[in-house]
Amino acid sequence: MNTITSSVIKPRIRGFICITAHPTGCAAHVQEQIDYTKSQPKIEGAPKKVLVIGASTGYGLASRITAAFGGGAATLGVYFEKTPEGGKTATAGYYNSKAFEAKAKDEGLYAKSINGDAYSDAIKEEVIEIIKKDLGQVDLIVYSLASPKRVHPKTGTVHSSVLKPIGATFTAKTLDTDKDIVKDVTIEPATPEDVKETTAVMGGEDWLMWIEALKKADVLAPGVVTVAYSYIGPSVTWPIYRDGTIGKAKKDLEETAEVIANVLAHKNGRAFVSINKALVTQASSAIPVVPLYISLLYKVMKKQGTHEGCIEQINRLFAKQLYNSNKPVLDTEGRIRIDDYEMEAAVQNEVLNLWTQVTTENLHDISDVAGYHSEFLKLFGFGIDGIDYEAPVSVDG
Ligand code: NAD
């Protein structure tokens, strides 16, 4: 039986995660992104039937909002979120998705969500059944999963991803986000097994499995597009990111785009990897070193007027690269680069200069650590203007 429990909900932060989420705050965060999308020109030639895998937070949620409110698409979202139980709040993505669906339906847009393990065969089958019944076909598939684990659907093995350097111990500055202390972190190198495990979770195999399953079920529209997200970033993060276990997995994901392009050839389909900007999300806050880099990056990009969040990034991806009669501009490795503003020399030189200087003492002056914290809280629906956080709310959302 479902009981409605109302209470005052406050953030409870445990390291890089907040174990509570605020339903009204999450809805307001979604509304902000919808408002931004609607303030932008309509995206011409936008896809009309969109599947977003990893649709409830971060880049996937922004993709779903852009497709629906920027292009008028019917959206089917897949995610893995905790539902409210025993008076405990759900996870933020559950409230985000509930709010998104309500707003989409208000505008007469089809929106359905599936809460379950996207890596499993069962969820793939469920999605395909819904596409067949409700949409017929899909013309865009966004692959935006970030997960620490994957149960392999064929072997049942539980794979765990780790964030480790490869080949040598890595010591670098990092931010203790609980205490706002800049300190050194030392991370031991990965074993070959760690690399395999991380690639099994965050590499391209599951993306390919999705596309093959959709193809087999004949639910791909002519000219179908699929896009997955990746990250490169600056050299200070390379030992832990690009050259580390996660970077190897991302390379595998990037290489899978070529394989997928061949799978889609019969429909004149295309597969892209978009390299996105470093942003505060639940996934990125778990990576050592990255929150400090983000705090410095935000400071510099806000000052230069080029700062973007997930919704601005994805709007640009759709409007300037994938649709509006544009042909995506690819780098030498065949990837779309919406990290272009982040990687500008003027931005990177200043960030790296600050990187050498940053200490606990000057953290609040030379970095946007305050912006980092407020963005982090926002992910869980906290710290949003206009929300009465002293008022009891139903955890059912
Ligand atoms: P996020 O944590 O905000 O979102 C992850 C999504 O995956 C959520 O919707 C979650 O519910 C879903 N998910 C996780 N495990 C699942 C499972 N087993 N089944 C179904 N859904 C599951 O992360 P994000 O930062 O938006 O990352 C999305 C993608 O963007 C990732 O590939 C990430 O590497 C990439 N990216 C992120 C950044 C960044 O700075 N945040 C930068 C560039 C690229």
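**H159.** I looked up H159 and found it in strand β9 (residues 158-160); strands here are DSSP runs of E with at least two residues, helices runs of H or I with at least four, numbered from the N terminus. The model is predicted, so I kept to its rules: local features need pLDDT of at least 70, side-chain atom pairs count only at pLDDT 80 or more, and totals for chains, interfaces and linings use all residues. Residues are numbered from 1 along each chain as its sequence is written, and side-chain values use heavy atoms, with hydrogens and water left out.

Is H159 buried or exposed? H159 has a relative accessible area of 13% and is therefore buried (under 20%; exposed is over 50%, partly exposed in between; 1.4 Å probe, protein chains only). Its side chain makes a polar contact with the side chain of E197 at 2.9 Å (N or O atoms within 3.5 Å, one able to donate a hydrogen and the other to accept it; residues adjacent in sequence count only if both atoms are side-chain atoms). Leaving out residues up to four places away in sequence, I listed what H159 touches (heavy atoms within 4.5 Å): P148, K149, R150, H152, E197, A200 and V201.

**Aromatic rings.** I noted eight aromatic pairs (Phe, Tyr or six-membered Trp ring centres within 6.5 Å; planes under 30 degrees apart are stacked, over 60 edge-to-face, the rest tilted). Y231 and Y241 are edge-to-face, because their ring centres are 5.1 Å apart and their planes at 85 degrees. Both sit in the loop between β12 (220-230) and α7 (245-263), ten residues apart. Y231 and Y241 are buried.

**Helix α2.** I checked residues 58-71, which form α2. Of its 14 residues, 14 are buried. G72 follows α2 with a positive phi, near 75 degrees.

Terms used. Expected span 1.5 Å × (residues − 1).
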